[in-house]
Structure formats: C-alpha cells, structure tokens
Amino acid sequence: MTEYTYKVTAAGRINIIGEHIDYCGGKVMPAALSLKNTVYVRPNGTNKINLSWTTLEDRVTLDIDKLESYRNLKYGNYQAGAALMWQKAGHNVIGCDMLQDCTVPFGSGLSSSAAIEVSTIAALATLAGEQINHVEIALAAQKAEREYAGVNCGIMDQYASACGKQDFVMLLDCNSVTCEYLPLRLGDYALVIINCNKPHNLVDSKYNERREEVEQALRILQTALPVSCLAEVTEQQFEKYGSLLHGKVYDRCKHVVEECARVNKAAIAMKNGDIKTLGTLLNASHKSLKELYEVTGKELDALAAAAQSHPACVGSRMTGAGFGGCTVSLVRKDGVEQFKQAVAKEYKQKIGYDCKMYDAEIADGITVTKL
Ligand code: GLA
C-alpha cells in the first residue's frame with residue numbers, strides 16, 4: 001500500500017454494558033476492538049473522492065460539491081455522509097483516492113458503520129493537515145449516521161470507534177460526552193464475542209421506534225420531575241412516579257432506569273476486578289433487553305441462554321442495538337474452548353444454523369500512520 005500517503009484506522013466496538021441508554025443521556029461501557037475499518041488515502045488533485053474496497057469489485061466516485069446526493073448508494077453512502085458532515089462543520093475536504101478495508105463484520109452489531117464514518121473523517125482531516133480531534137470527529141460521524149443514513153443513534157458507537165484505547169474500557173457519560181478510561185482487568189476471565197448470524201439493519205428495525213417511546217416517557221415524567229433526560233431519573237423516583245407511564249412506555253423506561261443503575265454497579269465491579277458481579281449484571285441486562293425493551297429476538301436469546309448455562313461463563317448478554325448481531329460473554333480462560341464448542345452446538349440445535357465466534361482484542365480507536 002506504499003502508493004498511498006496515509007493509513008488511517010477506526011475501530012469497531014463492543015459494549016460491555018449500558019444498552020439503549022446512550023440516547024437517554026446515560027453512562028455506557030464500550031471498548032474499541034481490533035476489528036476495524038482501514039482507509040488508505042492519498043490526494044488526487046481533483047474535487048472527487050474515489051472509493052475502492054479491498055473486498056469489493058465496485059468503484060464509486062463522490063463529487064465533493066454534491067455530497068448531499070449519494071444517500072441511496074449501495075456502497076459509499078457512509079463515506080459520503082461522513083465527508084458531507086465534516087464539510088458542513090467547516091472543514092476542508094480534499095479530493096483523494098481512498099481504499100477501504102473493513103474487518104468489522106457488517107450487520108454484526110459491532111459498529112461497522114461507525115468505524116467507516118470515523119475512519120473516513122479521520123482520513124480527510126489527516127490529508128488536510130489537521131490535528132485529530134477525536135470527539136469532534138465522533139460527533140460529525142454520529143451526524144452522518146443520523147442525518148444521512150437515517151438511524152437516530154446515540155453517541156456511543158462513534159465515540160468508542162474514535163476514542164477507544166487498547167486494554168481500556170470507556171465509562172462514557174453520554175450527557176457530557178466525556179469518558180473515564182477503566183483498565184480492562186479481567187483476571188482469569190476473557191471476553192468472548194459471538195455472532196448469532198441473524199443480520200440486523202437498524203434503518204428498518206425498531207430502533208427509531210424505541211427512541212420515540214423513551215422520549216414519550218421523558219415528556220410524561222417531566223410533568224412531575226425536574227429532569228432533562230431519563231438517565232437522571234433514579235430508581236426511587238421511578239418507583240414513585242413510574243405509575244404515570246403505561247404499557248410498553250412504562251417497560252421501556254424501567255429498562256433505562258435500571259440499566260443506568262447497572263452500569264454504575266458494573267463500573268465499581270470492574271474497578272474492583274469483581275468479574276462475577278460483572279457477569280451477574282450482564283445477565284440482568286440481557287433479561288431486561290429481552291423482556292422490557294424487547295430488542296433481542298429468538299436468536300440472541302438462544303445464544304445468551306446457551307452461554308449463560310455453561311459452567312465456565314459468569315455472564316452473557318446481547319451487545320449493540322440488538323435485533324440480531326452479537327453477544328458478549330465473560331468466560332473463564334481455561335474453559336473458553338469447551339465453552340465455544342458447547343455454545344456452538346446448542347445454538348445450532350435450537351436455531352438450525354451456525355453462530356460465529358470472533359477473535360478480537362480491545363484496541364485503539366483512531367490510528368494514523370504515514371506511509
Ligand atoms: C446502536 C446505536 C448506539 C446505541 C446502541 C444501543 O449501536 O448506534 O447509539 O444506542 O445501538 O445501546
């Protein structure tokens with residue numbers, strides 16, 4: 001790849017705990033993965049961005065003056081959206097050739113789209129000679145996902161993709177968009193990521209619907225409580241005022257309030273190296289996402305149940321938006337191989353097709369290398 005000027009990467013992410021609360025101003029605990037999107041980039045002296053991929057035959061050319069017009073592309077729409085939002089934020093977008101190489105599996109719930117958006121912007125910023133501002137890039141990438149791709153997402157994925165650090169999880173406060181880095185000290189345990197192989201598509205999923213439901217819950221609770229987001233509602237307050245909410249809106253809000261409390265407990269457990277408590281919290285999170293938030297589905301439920309019932313596993317849950325994609329499990333290191341075999345077998349028996357295991361480390365977010 002020496003014919004390119006820079007190699008710029010941004011990570012996929014795993015979320016340990018804190019699901020469907022980033023857009024409620026909650027704290028979440030993601031980490032960046034060694035599965036990532038790499039952009040090899042060089043200036044080309046035109047006003048076009050030429051896109052190519054290591055894994056696709058397709059070639060796409062984006063006119064820098066018409067970045068608005070590529071929303072319906074099969075490939076290249078995330079790059080177009082990212083470039084457009086960066087341009088709209090007042091940055092210089094320079095004509096270039098970009099070769100993209102994505103190792104984050106698409107539709108896996110590991111944020112391939114965030115990795116593509118963040119790395120594309122970081123590549124454009126690098127070419128323009130700008131210092132990398134990780135948070136600004138994450139925010140522009142989130143805008144691309146919301147306003148260009150049409151998923152009304154929170155900030156978790158793009159932030160983790162940009163700001164992750166090797167061997168650290170982030171305790172990300174989505175209200176202030178700041179994070180505390182906690183060392184990932186799992187002792188005798190390892191994180192195992194498994195894809196249920198039911199792809200998810202957030203544009204068509206219930207994701208935006210869930211957001212509307214929790215916004216409705218907030219509006220109702222605000223008639224009784226001085227809160228600016230649902231994450232500010234304590235469990236005690238919810239006990240007192242929850243009866244203002246009804247049906248599904250009550251359930252969704254209960255999940256948010258309890259998941260926020262679980263993240264606080266998980267942060268303490270992580271700091272204390274108390275992996276068993278962390279595991280129990282993961283199980284409780286999955287149950288809540290299944291029963292109250294209703295974003296799991298039979299495939300993720302089967303996968304989490306198979307994992308949770310294995311003796312080497314202390315906790316397992318779906319990770320990301322749900323509706324398909326991956327689980328994350330905490331598994332004793334000396335039992336990982338047996339765990340994987342047992343889960344794979346049980347899952348296939350129940351669902352009828354294979355799940356997929358990934359080998360991934362906790363890695364850095366954006367990286368830039370001069371070639
Ligand atoms: C998706 C979104 C995130 C977050 C998760 C659920 O990954 O992009 O902002 O809402 O779902 O926690």
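Leaving aside neighbours within four places in sequence, E213 touches K248, V249 and R252 (contact means heavy atoms within 4.5 Å). This is a predicted model: local features need pLDDT of at least 70, side-chain atom pairs count only at pLDDT 80 or more, and totals for chains, interfaces and linings use all residues. Residues are numbered from 1 along each chain as its sequence is written, and side-chain values use heavy atoms, with hydrogens and water left out.

**E213**
- You'll find E213 in helix α5, residues 207-221 (helices are DSSP runs of H or I, at least four residues, numbered from the N terminus).
- E213 is buried, at 13% relative accessible area (buried means under 20%, with a 1.4 Å probe and protein chains only).

**Ligand**
- The residues around the ligand include R13, E19, D22, C153 and Y207 (a heavy atom within 4 Å).
- An N or O atom in the E19 side chain is 2.6 Å from a ligand oxygen, and for the R13 side chain there's such a pair at 3.1 Å.
- D22 has a polar side-chain atom 2.5 Å from an oxygen atom of the ligand.
- On its own the ligand has 310 Å² of accessible area, and the protein covers 97% of that (Shrake-Rupley, 1.4 Å probe).

**Helix α9**
- Helix α9 spans residues 298-308 and is mostly covered, with 8 of its 11 residues buried.
- Among those buried are E299, L300 and D301.
- Cover for the buried residues of α9 includes α8 (275-291) and α10 (336-351).

Technical notes. Helix = DSSP H or I, 4+ residues; strand = E, 2+ residues; numbered from the N terminus. Buried < 20%, exposed > 50% of the residue type's maximum accessible area, 1.4 Å probe, protein only. Polar contact = N/O pair within 3.5 Å; in protein donor to acceptor, adjacent residues only side chain to side chain.
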